[in-house]
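Work through the following exercises with the sequence and the model side by side. Each task sentence is followed by a solution that goes step by step.

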Amino acid sequence: MFSWIISDFGLNDAIEAGLVKTPRIVVRDDALPNAKSYRSKLYHLYREAEVSQDLNRKAAVTDPLPDLVQKAYAILAYDWRETAQAWADSGHSIPPVLLTVCNRTETVARIEQFFNSGDCLIKSTQAPEKTLLVDSRVLEKAERGETVTKDADYEQRLTAIIEAAGLPSDKAQDLLALKQQEQLRALVDSVGKRGQPGQRLQNVISVAMLSEGWDAANVTHIMGLRAFTSQLLCEQVIGRGLRRVAHDMDEQGLLLPEYVNIFGVPLSIFQEISEDGGIELRPPKPSVRVEVEPDRNHLEIRWPNIQRIDHVLKPELVLDWDRVEALTLDPMQTPLNAEVAPSLTGFANLAMASEIDLEQAVEDFRLQNLIFRAARKLYLQNADSFGGDKAFLAVQLIRIVEQFLNSDKLNIPSLWHQDPVRRQILLALNIDTVVAHVSRFVSAQNTEKLEAVFDEPFPIGSTARMRSWLTTRPCQATVRSQISHVVYDSTWETVVVNLCEKEPHVLAWAKNDHLDFVIRYLWRGSSRNFVPDYLIRLSNGKMLVLEVKGVDDERNRVKRAAMVVWIKTVNEQGGFGQWCFDVVFEPARTRDVILQYAGIAG
């Protein structure tokens, strides 16, 4: 029936006729918008660099979601909870569903962990027995009639969902006796259907769009965390939530409107159009192949490929607060509310906009709860490498977090956000940032030793392992680098390159481009990659990691702190020579820094 409506009328006509739900997209929030489109960052989340870079890496299931995604979920989940309460008050026995469509299996697992571990700030979203991770590999094999390799953990989660579904015991036992893929298929097909296995599901997380025709009537909220490259793809994802729940009519005999609120799925994809109305076709630019020169093995640069660095802490933690830097929480990076408006192919009706305001959810953001939440995150980060009593560690971390939140080390540059309610919400939405900041200074002042954990498949990185690639950007052939060309990203880089090519005290060098030399650091609660600019081998045997930076900010200071820990760990580990690191903020100082580490007096 639903597919027939869409195909016969068309999506827009069906929405206008009220035959399906009306999609409502984010039109604005109270944080800074996307710098290119000037739209709310919640409109197309995956387009934000901090989101796409993080979600495209091979992350562990326990790695926190990107900061912006966590904030988006707080707002959308709060609105979902308000909808769930309204449905319950109206006598609905079926809950509304929050559907997430994301980019890869690792992301699905991280989102499931985010909700099931209670990391989502909105209460009632921590419900493992009502949260379904749709393993696309299992589902695809089920649709083809193939068997799947048994996953004990996944089977246990499916069992918990089935047992909590409220089915008659004989029906539940029959379902539990089925194969894993058949159980998943039964759950997916029955979302929102009374008396069926999926009747109590409230949170569905999928790496794909689910099959054509899957359109559970109780999907009221959609989160898109993947690339959207066509109008058709956007409409297909949104179509998963357009089936109406009821068909009640007003006094004029028109269907009462129903809505599905959408974050992260753009309703319009614009292509570059030429003046005559067609898509502009440009001739390809000439390209240069950047590759490893086979006769330059003597210029190879190698480095330890460190996955993470564990800090072994002292049994008793002490902080010298005078040595702790202040942390600034920028309210313009934190949306406390968002407005959604009915939209057809991206044209929002602002006159019908409605607000989702987290100030109404202040009970979810009690200060004591935030302190325990932050201490718990710190505990999980440090428990494995802590040699003392674990209970004592937890007590100490609670005390440190409470001291930090009550100190003058926390700066919020906005009088409006000093209001107690807004301040608590701002703290809650930035709790991972607070944790990362406190953790940095706890580690810096209380570390007994550093232990490097190497990447097992490739413990040693090397310029010789770089894969060749093509570029159309300005570049120059090299002589003292194992890499054939260096690509310029700024005029400043020509200064560094010319020095590395001509300075006698530089024996070999490489620009860190496509080399996979990265330093892990925490920023706004998420694990990020710091990619230093240059690796330089000096005549005295030292390896200099050089970063050139025009301006400085808090994020760059965090990167440098992580780099300093990396250098210290490598030098203490031994076997990799003597490493050093520096940042140049003025082009004229580049030669001075290189000669300083080469041991040449200025």
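**Overall picture**

Among the contacts in the protein with a separation of 6 or more, 74% are between residues 24 or more positions apart, where contact means heavy atoms within 4.5 Å. The protein has 17 helices and 25 strands, taken as DSSP runs numbered from the N terminus (helices H or I with at least four residues, strands E with at least two). Of its 602 residues, 51% count as buried, that is, under 20% relative accessible area, with exposed meaning over 50% and partly exposed in between (1.4 Å probe, protein chains only).

This is a predicted model, in which local features need pLDDT of at least 70 and side-chain atom pairs count only at pLDDT 80 or more, whereas totals for chains, interfaces and linings use all residues. Residues are numbered from 1 along each chain as its sequence is written, and side-chain values use heavy atoms, with hydrogens and water left out.

**Exercise 1. Determine the strand order of the open sheet of 4 strands, and explain why β20 and β25 stand at its edges.**

Step 1. The order is β20-β23-β24-β25, and the pairing is mixed; two strands pair if DSSP finds at least two bridges between them.

Step 2. β20 (506-511) and β25 (579-584) each have a single partner strand, so one side of each is left without a neighbour in the sheet.

Step 3. From one strand to the next, the twist averages 20°, with axes being lines fitted to C-alpha atoms (for helices over the stretch in contact) and angles running from 0 to 180 degrees between N-to-C directions.

Step 4. Helix α15 (residues 491-502) packs on this sheet and touches β20, β23, β24 and β25, its direction making about 145° with that of β20. Helix α17 (residues 590-597) also lies across β20, β23, β24 and β25, and runs at about 165° to β25.

**Exercise 2. Describe how β24 is paired and how far it is covered.**

Step 1. Strand β23 (residues 534-538) runs antiparallel to strand β24 (residues 543-548), and 4 bridges join them. Leu535 stands opposite Val545, while Arg537 has Met543 as its bridge partner.

Step 2. The two strands form a hairpin with 4 residues between them, and Gly541 in the turn has a positive phi of about 90°.

Step 3. With β25, in contrast, β24 pairs in the parallel sense over 6 bridges, and Val548 has Val584 as its bridge partner there.

Step 4. As to burial, 6 of the 6 residues of β24 are buried: Met543, Val545 and Glu547 point one way, and Leu544, Leu546 and Val548 the other way.

**Exercise 3. Characterise the surroundings of Lys511.**

Step 1. Lys511 lies in strand β20 and, at 10% relative accessibility, counts as buried.

Step 2. Leaving aside neighbours within four places in sequence, Lys511 is in contact with Val486, Val487, Tyr488, Asp489, Glu493, Asp533 and Tyr534.

Step 3. The side chains of Lys511 and Glu493 are joined by a polar contact of 2.8 Å, a term for a pair of N or O atoms within 3.5 Å; within protein, one must be able to donate a hydrogen and the other to accept it, and residues adjacent in sequence count only if both atoms are side-chain atoms. The Lys511 side chain also reaches the backbone oxygen of Val487 at 2.5 Å.

**Exercise 4. Check the length of helix α7 (residues 152-163) and decide where its buried residues lie.**

Step 1. At 1.5 Å a residue, the 12 residues of α7 should span 16 Å, and the end C-alpha atoms are 16 Å apart, which agrees; the expected span is 1.5 Å times one less than the number of residues.

Step 2. The buried residues in α7 are Tyr154, Leu158, Ile161 and Ile162. They cover an arc of only 100° around the axis, which puts them on the same side of α7, the arc being that of the directions from the helix axis to the C-beta atoms.

Step 3. The face turned away from this buried side carries the exposed residues Ala152, Asp153, Gln156 and Glu163.
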